[in-house]
Amino acid sequence: MSGGPAVRISIESVCEKQVQEVALDGTETYVPPLSMSQNLSKLAQRIDFSQGSDSEEVEGEGELREREWSKQEQEEEDDSKGTVKFQPSLWPWDSVRNNLRSALTEMCVLYDVLSVVKEKKYMALDPVSQDQTGRAQTPQVFQLLSKKKSLATAGQLLLKGAEKLSKSVAENLENQRQRDFNSELLRLRSQWKLRKVGDKILGDLSYRSAGSLFPHHGTFEVIKNTDIDLDKKVPEDYCPLDVQIPSDLEGSAYIKVSIQKQAHDIGDLGAFNLFRRPGHLSSPRSATVAGTQAWHMKLEAAQNVLFCKEIFAQLSREAVQIKSQIPHIVVKNQIISQLFPGLQLSISLCHSANEKKHQRVSPEKPKADDCLYVLEHNLHQMMREFHKQQLSSVVMPHPASAPFGHKRLRLAGPLAYDKTEISNLQHSEGLLEKIIKQAKHIFLRSRTARTIDSLASRIEDPQIQAHWSNINDVYESSVKVLITSQGYEQICKSIQLQLNIGVEQIRVVHRDGRVVTLSHQEQELQDFLLSQMSQHQVHAVQQLAKVMGWHVLSFSNHVGLGPVESIGNASAITVASPNGENAISVRNGPESGCRVLIQFPRSQSKELPKNDVVQDAKWSHLRGPSKEVHWSRMEGRNFVYKMELLMAAMTPCP
C-alpha cells in the first residue's frame, strides 16, 4: 500500500444530530440545530473587538500575524508542488473589521456635521494686526453681529408663527359663519320629514302621520341659499339652507274665539278687528330666538297656519251638518253660534300674509277680554285628541270580511250591544258642540262671579264671601258662598251655599241638603242671593237671642202678612226677655228692609189710660202695644251689633 499511488479521501462531518437524552423506553431526544441568527451570534462571540486598527500595537501584531501566515503559505506551496494555487484570506474576520471601521468613520463625520450646524462654529480668518487694542475689539464686534443676526432670526420665526395663528383663527371664524349645506340638511332632517323626488328635496308639514284627515298636501321644498356672495363679509344670520313653502301657508295665523253681543245685521259680521294680535304678528327676524334657524321659525309658522286652517275647516263642516234649533252661521272666515238670548259665540280664522297691509287697516289694539285664549287652547287640544282617536280607533276586523268598527259590535249573544248602546256609540260630540258648551260654561261662570262681586261691593251688611274651587271641569265649576256679619262670624253660620255652575243652569245646595236649580238669567241669581241675605239677618237675631238668654217666641222664613215683596219673601222673628216682660219683633224683607218693634209691660206704659173694669194687678204684667224703633238712629257698626245693644238695654236687672 505504501508503494502504491496516493488515494484522496474526503472527510465530511456527520449529518446526524447530537443525541441529548435517551428515555427508558428507548426514545432518543436530539439537540435541535442552530438557526442562522444563533449561528451568527455564536461566531460573533469569538471575535476579539479589543484588537482594533486604531492603535499602533494592534497594527504591529497584525503585521507579525500576516508575516507568519505568509511564511506558512510559502512552505505549503513548496511542499505541495503540482497542486492548484489558492490564497486564503489574511484574517477570517477581516471583512467585518473593515465594515465596522467604515461605519465608525461615517458616524464621526455625521457628528462633526451636526455639531457645525447646531453650534455654528465656522472657521474664521483674522487679519494680522500689530495693534493690541484692535485685537481686543475684534471678538466683541463679531459677538455683536452674531447676536444681531440671531435676534433677527428669532424675530422672523415669531412673525411667521403669529401670521399662521391669525390665519387659523380667521379660517375658524369663516367656517363657523359659512355652515355647510349638508350639516344644515342633516339638522333639518332630524326635525322634519324629508324625501327626495328626482333632483328635489321635499318635506311634509301636515299632521297625516298623527291621524289628520285634512286634504291639504302641506309640502315644502328645500333649496340652497345662493343669494349671498361668499367672497364678501358673511353676515352673522347667514344660513346656506332655505325652504320654500306654499303661498297659502305664508305669514301667521291664529283662531280667535270671543263672546259678543248679538249683531243686528249679518252683513256686519267678519268686518271687525281680526288681523292684529299682540305678540303674534311680529317680524321673523325679531321673533327669531337665539340658537334657532330662520328655516325652523318659517316651518313652524307654516305648520301653525295649516293647523289653524284644519281646525276652522272642521268647525265649518260641523256647523253645516249639525241640525240645531238656531242654525249656525258661516260667513267669510267666521262662524257664528248663539249661546244665550242676545249672546253669540264668534270663532274666526285670522290669517295675515302681509303684515304691513293689515297694520294700516286696523292699527288700534283689541280689548284685553276680546279673545278667550282658554277656548283657543282647548280647540287645539281637542283637535289633537281627534287626531289621536282617528289614528287608534281603526281596529282590523277578524275575520277580514267583517265590517270595520268596535270589536263588540261584531259580537253576538249576551255580550253583544243592543240598539241603545249602539246608538250611543255612534253619537259623538264634535268640536263645535264641545266648544259651544265650554263657552256657555265660561260665560255663566264669569257672570256668576260678577254678580257676587257686585253684591259684595254694594251691600256692606251682611257680608258675602265667595270661595272658588281650584279643581274644576271644563263643563262644571263650584263656588262656596258664605253670608256673615262682621264680628259675629262664630255665631252666625246659618247661611252656607254651594253653587255648582254647569253649562246652562246653576244648582244651589243649601247647608241642610235642599237643592235649588237656577237658570242662566243673572237677575234670578241676584234675587236669590238678596233673599238669602235678608234671611241671614233674621237667623242672626235667633242665634243672638240664644246667646243672650232671650226666648224665641215665633220664627218664620216666609211671612204671609204685610206688604208683598217683589223679590222672595220677608222673614220675621219675635223674641222675649228672660223674665218675659219685654219683647222684640223683627221683620226683614229683601226690598222693604228691616223693621224692629218692641213691647213693654202695661205697668210701664204711660200712654195707656186706666181702666175701671180691670182692677186685678196681675193684668198689669201683660205687654202693651208695640212701638217701632228708629233703626237708622241706632248706634252700631252693623245690624247684629245694634240688636245686641237693644237686647242688653231691654234685659231687666236681676
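Some conventions come first. The model is predicted, so local features need pLDDT of at least 70 and side-chain atom pairs count only at pLDDT 80 or more, while totals for chains, interfaces and linings use all residues. Residues are numbered from 1 along each chain as its sequence is written, and side-chain values use heavy atoms, with hydrogens and water left out.

Let me begin with the sheet that contains β11. Five strands form an open sheet in the order β11-β12-β13-β14-β15, and the pairing is antiparallel. Helices and strands here are DSSP runs numbered from the N terminus, helices being H or I of at least four residues and strands E of at least two. Two strands pair if DSSP finds at least two bridges between them. At the edges stand β11 (463-468) and β15 (515-518), each of which pairs on one side only. On average, neighbouring strands of this sheet are turned by 25° against each other, direction ignored. Axes are lines fitted to C-alpha atoms, for helices over the stretch in contact, and angles run from 0 to 180 degrees between N-to-C directions.

Moving through the sheet, β12 (residues 477-484) and β13 (residues 496-501) run antiparallel and are joined by 6 bridges. Within that pair, K480 stands opposite Q498 in β13. Next, β13 and β14 are joined by 4 bridges, again antiparallel, and a hairpin of 4 residues connects them. Here I501 has I506 in β14 as its bridge partner. Finally, β14 and β15 pair in the antiparallel sense over 4 bridges. V508 is partnered by V516 in β15. The hairpin between β14 and β15 has 5 residues, and G513 in the turn has a positive phi of about 100°.

Which residues of β14 lie on its covered face? They are I506 and V508, whereas R507 and V509 make up the uncovered one. In a regular strand the side chains alternate between the two faces of the sheet.

Helix α11 (residues 431-458) lies across β11, β12, β13 and β14 (506-509), running at about 150° to β11. Helix α12 (residues 522-548) lies across β11, β12, β13, β14 and β15, at about 145° to β15. Contact means heavy atoms within 4.5 Å. In the loop between α11 and β11 we find P462, and the peptide bond from D461 to P462 is cis, with omega near 0°.

I turn now to the sheet that contains β7. Four strands form an open sheet in the order β7-β10-β9-β8, with antiparallel pairing. Its edge strands are β7 (252-261) and β8, each pairing on one side only. The twist averages 15° from one strand to the next. Between β9 and β10 (residues 343-352), which run antiparallel, there are 5 bridges, and S337 has L345 in β10 as its bridge partner. Helix α7 packs on this sheet, touching β7, β8, β9 and β10, and its direction makes about 145° with that of β10. Helix α11 packs on the sheet too, touching β7, β9 and β10 at about 120° to β10.

The loop between β8 (329-331) and β9 (334-338) holds K332. K332 has a positive phi of about 55° although it is not a glycine. Is K332 buried or exposed? K332 is exposed, with a relative accessible area of 65%; buried means under 20% relative accessible area, exposed over 50%, and partly exposed in between, using a 1.4 Å probe and protein chains only.

A contrasting position is G218, in the loop between β4 (200-204) and β5 (219-224). G218 is buried, with a relative accessible area of 0%. Not counting residues up to four places away in sequence, G218 touches G203, D204, L205, S206, L249 and L306. The C-alpha atoms of G218 and L249 are separated by 8.3 Å, although these residues are 31 apart along the chain.

I close with a helix pair. The axes of α5 (residues 181-191) and α7 (residues 294-321) come within 11 Å and cross at roughly 30°. That makes α5 roughly parallel to α7; angles under 35 degrees count as roughly parallel, over 145 as roughly antiparallel, 65 to 115 as roughly perpendicular and the rest as oblique. In this contact, E184, R187, L188 and Q191 in α5 meet W295, H296 and L299 in α7.
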